[in-house]
Amino acid sequence: MSVIELTVGWYRDHKRDLPWRHPEAGAWGVMVSEFMLQQTPVSRVLPVYELWLARWPKPGDLAAESSGEAVRAWGRLGYPRRALRLHAAATAIATGHGGVVPASYEELRSLPGIGDYTAAAVASFAYGRRHAVLDTNVRRVLARAYSGAQYPANTVSAAERELAKRILPEQASDAAAWAAASMELGALVCTAKAPRCEQCPVAALCKWRESGYPEHTGPARRGQSYAGTDRQCRGALLAVLRAAHIPVEAETLFAAWPDEAQRGRALQGLLTDGLAVRTADSRYRLP
């Protein structure tokens, strides 16, 4: 059996029961999950996802509210610009697609805030279309099983895209199953730091294992430092704005972070990114 057949077979028995995989989630539920899961673990996404879909079960429901409410509901998931992008996509769906998430990659890609990965993922997972879905987990599986490398490059290469397309099953349903299965394998077994090779269904076919697990020799992998960074400062200021339902004074906002220069940079970043608005009387609120 091939890597793809073994991985899909493993997935049938080991996939997690996640709400966006249920039929009732629909394409909108899949889209919301894809926005939320970017750089964020499932355990943190689940409670926010459930509340989000309960409040906004359709794109038009979200579009009818302000982008600030989307940012407020985003909570502490991190990278809150994703909330603005999801709100913008929902608005475009409501106004230009009759409130229905489009099925084709091209239409999905034309929505604001949706890149190659998200368009391919929604088309594949929600509509069973044939696309190469290249998230971090899938790329790691491809790197190890097919290329013999411990990790993929920091950015998707042309060779990597060519490999993903070349091995993609011809049948759309099989391609969609492979996309979901390879992603799950990377998340649960072929993990970045502690791969469980003894549990891997494709261990016997893995080029990395066959080569003796050579260590990564490419550019250093990007870290995810957070403590003490401007990003953490932005999060602290944004938490004050999310908790307030009226504009707040600058002194109240600045009390959330001790370093004056850092909070100044963070606030300017929030204003530039559209995550905060300065009122005429020099107070601050969500958009």
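**Loops, helix packing and aromatic pairs in a predicted model**

Ser282 lies in the loop that joins strand 1 (277-278) to strand 2 (284-285). The model is a predicted one. In this model, Ser282 has a positive phi of about 65°, although it is not a glycine. Most residues other than glycine have a negative phi.

Tyr79 sits in the loop between helix 5 (67-74) and helix 6 (81-96). With a relative accessibility of 26%, Tyr79 counts as partly exposed.

Helix packing was examined next. Helix 9 (residues 136-147) packs with helix 10 (residues 158-167) at an angle of about 80°. The axes of helix 9 and helix 10 are 11 Å apart. The angle makes helix 9 roughly perpendicular to helix 10, because angles of 65 to 115 degrees fall in that class. On the helix 9 side, the contact involves Arg139, Leu142, Tyr146 and Ser147. On the helix 10 side, Glu160, Leu163, Ala164 and Ile167 meet them. By class, this contact has five nonpolar, one polar and two charged residues.

Aromatic rings were then considered. A pair of aromatic rings is described by the distance of the centres and the angle of the planes. The count comes to four aromatic pairs. One of them joins Trp52 and Trp56, with ring centres 4.7 Å apart. The planes of Trp52 and Trp56 stand at 75°, so this pair is edge-to-face. The class follows because planes over 60 degrees apart count as edge-to-face. Both Trp52 and Trp56 are buried. Ring pairs also bring in Trp74, so that Trp52, Trp56 and Trp74 are linked into a cluster.

Trp208 and Tyr213 form another ring pair, with centres 5.0 Å apart. Their planes stand at 85°, so the pair of Trp208 and Tyr213 is edge-to-face. Tyr213, at 36% relative accessibility, counts as partly exposed. The charged end of Arg144 sits over the ring of Trp208, 4.6 Å from the ring centre.

Several residues in helices were examined one by one. Leu108 belongs to helix 7 (residues 105-110). Leu108 is buried, with a relative accessible area of 0%. Beyond four places in sequence, the contacts of Leu108 are Met31, Val101, Pro102, Ala103, Ile114, Ala119, Val122 and Ala123. Ala123 is 15 residues from Leu108 in sequence. In space, the C-alpha atoms of Leu108 and Ala123 are 7.9 Å apart.

Thr118 is placed in helix 8 (residues 116-127). Its relative accessible area is 5%, so Thr118 is buried. Not counting residues up to four places away in sequence, Thr118 touches Glu34, Phe35 and Gln38.

Val42 is in helix 3 (residues 42-55). Leaving aside neighbours within four places in sequence, Val42 is in contact with Arg16, Leu18, Trp20 and Leu37. Val42 and Ala187 are 145 residues apart along the chain. Their C-alpha atoms are separated by 9.9 Å.

Leu253 lies in helix 14 (residues 250-254). With a relative accessible area of 0%, Leu253 is buried. Which residues does Leu253 touch, not counting those up to four places away in sequence? They are Leu237, Val240, Leu241, Val248, Leu267 and Tyr284. Tyr284 belongs to strand 2 (284-285). Leu253 and Ala145 are 108 residues apart along the chain. The separation of their C-alpha atoms is 50 Å.

Technical notes:
Residues are numbered from 1 along each chain as its sequence is written. This is a predicted model: local features need pLDDT of at least 70, side-chain atom pairs count only at pLDDT 80 or more; totals for chains, interfaces and linings use all residues. Side-chain values use heavy atoms; hydrogens and water are left out. Axes are lines fitted to C-alpha atoms, for helices over the stretch in contact, and angles run from 0 to 180 degrees between N-to-C directions. Helices (H or I, at least four residues) and strands (E, at least two) are DSSP runs, numbered from the N terminus. Angles under 35 degrees count as roughly parallel, over 145 as roughly antiparallel, 65 to 115 as roughly perpendicular and the rest as oblique. Contact means heavy atoms within 4.5 Å. Ala, Val, Leu, Ile, Met, Phe, Trp, Tyr, Cys and Pro count as nonpolar, Asp, Glu, Lys and Arg as charged, and the others, Gly among them, as polar. Rings of Phe, Tyr and Trp (its six-membered ring) pair if their centres lie within 6.5 Å; planes under 30 degrees apart count as stacked, over 60 as edge-to-face and the rest as tilted. Buried means under 20% relative accessible area, exposed over 50%, partly exposed in between (1.4 Å probe, protein chains only). A charge sits over a ring if NZ of Lys or CZ of Arg is within 6 Å of the ring centre and within 35 degrees of the ring normal.
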